[in-house]
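Here is a short briefing on one protein model. Have the sequence and the 3D view open while reading.

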Amino acid sequence: IYARNGGVGVSATQAMMDGYGVSQTTAEARDKGSVVVNGAPYPNVQEYYSLMNSGLNGVLSYYVYSATNVRLRELSLSYTLPTWKGIVKNLTLSVTGNNLFMLYNKAPFDPESTPSTGTYYQGIDYFRQPSLRSVGFKISAQF
């Protein structure tokens, strides 16, 4: 189990989806018929989201999330049979998984991932690929 406490991340993806009106947040605002701005309802939902949320050029302060997360980073299970049919000794079967699931995460993206091989845009979600989860199997034997 791996935990990271603190830090922030920004979701420009969520801002662009809100700007184009294709997110769950904008759907709920359209159903209510208004957006709450400074404690008062603002009736023109489309105008509000198209002006405020246009990706990296919008007001990204609404899309700052805590980077605190707890995840099951690696799990490995193995079982060894001492002798199998008198020929094979120490037959071992193993299963290993990496980045299996998040136990706690408030951000709508994986705050540990980066969008490229460099560190530019670290902490900014801009249409990133989902985190990689891997599972491996291993069989080993001695004769």
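The points below cover a helix, a nonpolar core and the salt bridges. The model is predicted. Its largest nonpolar core has 10 residues, and helix α3 gives the most to this core. The structure also holds two salt bridges.

**Helix α3**

- Helix α3 spans residues 45-52, and its residues V45, Y48 and Y49 are buried.
- These three cover an arc of only 90° around the axis, which puts them on the same side of α3.
- An α-helix has 3.6 residues a turn, so residues three or four places apart point the same way.
- Q46 and L51 lie on the other side of α3, and they are exposed.
- The cover over the buried residues of α3 includes two helices, α1 (12-20) and α2 (24-32).
- It also includes two strands, β3 (35-37) and β4 (40-42).

**Nonpolar core**

- The largest nonpolar core is made up of V10, A12, A15, A29, V35, V45, Y48, Y49, L60 and Y63.
- Helix α3 gives the most, with three residues.
- In soluble globular proteins, nonpolar side chains tend to be buried together.
- A29 is one of the core residues.
- Leaving aside neighbours within four places in sequence, A29 is in contact with S34, V35, V45 and Y49.
- Of these contacts, V35, V45 and Y49 are listed in the core as well.

**Salt bridge R4–E112**

- The side chains of R4 and E112 meet in a salt bridge, at 3.2 Å from N to O.
- R4 lies in strand β1 (residues 2-4) and E112 in the loop between β7 (88-105) and β8 (124-125), so the pair ties together parts that are 108 residues apart in sequence.
- R4 is partly exposed, with a relative accessible area of 29%.
- E112 is partly exposed too, and its relative accessible area is 26%.

**Salt bridge D110–R71**

- D110 and R71 also meet through their side chains in a salt bridge, at 2.6 Å from N to O.
- D110 sits in the loop between β7 and β8 and R71 in strand β6 (residues 69-84), so this pair ties together parts that are 39 residues apart in sequence.
- Both D110 and R71 are buried.

Definitions and conventions
Residues numbered from 1 in each chain as written. Predicted model: local features only at pLDDT ≥ 70, side-chain atom pairs only at ≥ 80, totals over all residues. Heavy atoms only, no water. Buried < 20%, exposed > 50% of the residue type's maximum accessible area, 1.4 Å probe, protein only. Helix = DSSP H or I, 4+ residues; strand = E, 2+ residues; numbered from the N terminus. Arc of directions from axis to C-beta. Contact = heavy atoms within 4.5 Å. Salt bridge = Lys/Arg side-chain N within 4 Å of Asp/Glu carboxyl O. Core = buried A, V, L, I, M, F, W, Y, C linked by side-chain atoms within 4.5 Å.
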